Amino acid sequence: MKLSNFNFNLPQELLAEHPAPNRDEARLMVLNRKEQTIEHKMFKDLIDYFDEDDVLVLNNTKVFPARLYGNKEKTGARIEVFLLRELNPETRLWDVLVDPARKIRIGNKLYFGEDESLVAEVIDNTTSRGRTLRFLFDGSYEEFRNKLTELGETPLPKYIKRDVEPEDAERYQTIFAKKEGAVAAPTAGLHFSKHLLKRLEIKGVNFAEVTLHVGLGTFSPVEVEDLSKHKMDSEEIAIDKQAAKIINEGIAQKRRVCAVGTTVMRALESSVSSSATLNDYEGWTNKFIFPPYDFSIANMMVTNFHTPKSTLLMMVSAFAGHEFVKKAYAEAVKEKYRFYTYGDAMLII
């Protein structure tokens with residue numbers, strides 16, 4: 001499979017700038033792999049595709065307000081700092097991206113907040129836009145983290161051209177988000193409302209939670225035509241014994257096991273035993289899934305509509321079949337489905 005196999009024409013107006021008014025009222029395209037059929041539904045109709053003892057696997061990562069704006073010492077130039085990951089809590093070292101990067105060199109200081117109560121010093125270059133910062137702050141670690149939260153804003157993807165609005169703090173977060181550590185939301189999970197989860201629970205569906213802290217690696221462009229040469233950035237995952245038990249019981253009973261999102265699918269496929277069951281695991285994954293690929297754990301998937309040439313589209317193609325997904329995406333464009341983070345959803349059965 002080549003990169004060019006995953007290109008398609010996506011009209012700019014189909015990139016969703018806002019979420020649907022209600023979480024579970026986004027549109028839902030249902031792909032049946034066996035029958036090769038496509039249906040058009042609402043997200044809340046998802047419940048019709050589940051029975052008692054089926055398993056829904058959710059990513060409980062929580063997005064932190066990772067985008068900060070500071071000013072460079074002396075020149076006062078406005079610099080965007082995107083927090084990627086904490087390297088050392090004690091020394092307050094962070095991996096970040098800076099923009100514009102050409103202005104930021106080792107030794108520069110950046111000042112944040114009107115009172116400049118938070119300062120960062122650039123101590124290393126990691127990539128063309130990547131830097132390592134050491135934050136200087138008078139206070140405890142907890143106060144420092146609170147200051148980051150206070151100064152940071154919801155890290156909406158760059159394609160959304162509008163300013164961040166108050167509702168984004170809630171809507172760019174799943175309702176089951178618990179473990180802070182993601183710089184982007186696991187978007188398939190954004191469609192679940194409290195009401196829909198309750199209805200699924202009453203129907204007897206079992207829930208398993210795993211954690212994959214979404215990093216920017218998920219969205220890094222693929223720049224090689226030969227997909228086997230693309231390297232994914234590592235992202236942190238955690239699958240506890242309880243989640244593994246629920247999922248393995250579903251597999252043993254030949255139930256539906258549904259991965260909610262590409263992040264869940266990556267986490268599951270990163271910890272498969274030799275007997276095709278799920279192991280508990282805590283660590284990192286850089287797994288890149290593209291066709292052809294045999295999936296071991298989930299036999300259903302919820303996902304959003306992805307952009308051309310993205311690793312997310314490649315994984316969906318591996319799961320549903322490349323030609324079938326091409327056909328579905330052509331129909332989605334024709335029917336004006338909304339794409340990407342705040343867009344509509346797809347269920348693959």
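Predicted model: local features only at pLDDT ≥ 70, side-chain atom pairs only at ≥ 80, totals over all residues.
Start with the peptide bonds. The one running from D99 to P100 comes out cis, and its omega sits near 0°. As for where this happens, P100 falls in the loop that links strand 7 (93–99) to strand 8 (109–112). A cis bond also turns up from P291 to P292, with omega near -10°. Here the setting is the loop between strand 15 (281–285) and strand 16 (300–304), which is where P292 lies.

Next come the phi angles. E116 is not a glycine, yet its phi is positive, at about 50°. This residue belongs to the loop between strand 8 and strand 9 (118–125). Is E116 buried, partly exposed or exposed? Its relative accessibility is 45%, so E116 counts as partly exposed; the cut-off for exposed is over 50%.

K336 is another residue other than glycine with a positive phi, in this case near 60°. Its place is the loop between helix 7 (322–334) and strand 17 (345–348). With a relative accessibility of 54%, K336 counts as exposed, because exposed means over 50%.

Definitions and conventions. Residues numbered from 1 in each chain as written. Heavy atoms only, no water. Helix = DSSP H or I, 4+ residues; strand = E, 2+ residues; numbered from the N terminus. Buried < 20%, exposed > 50% of the residue type's maximum accessible area, 1.4 Å probe, protein only.
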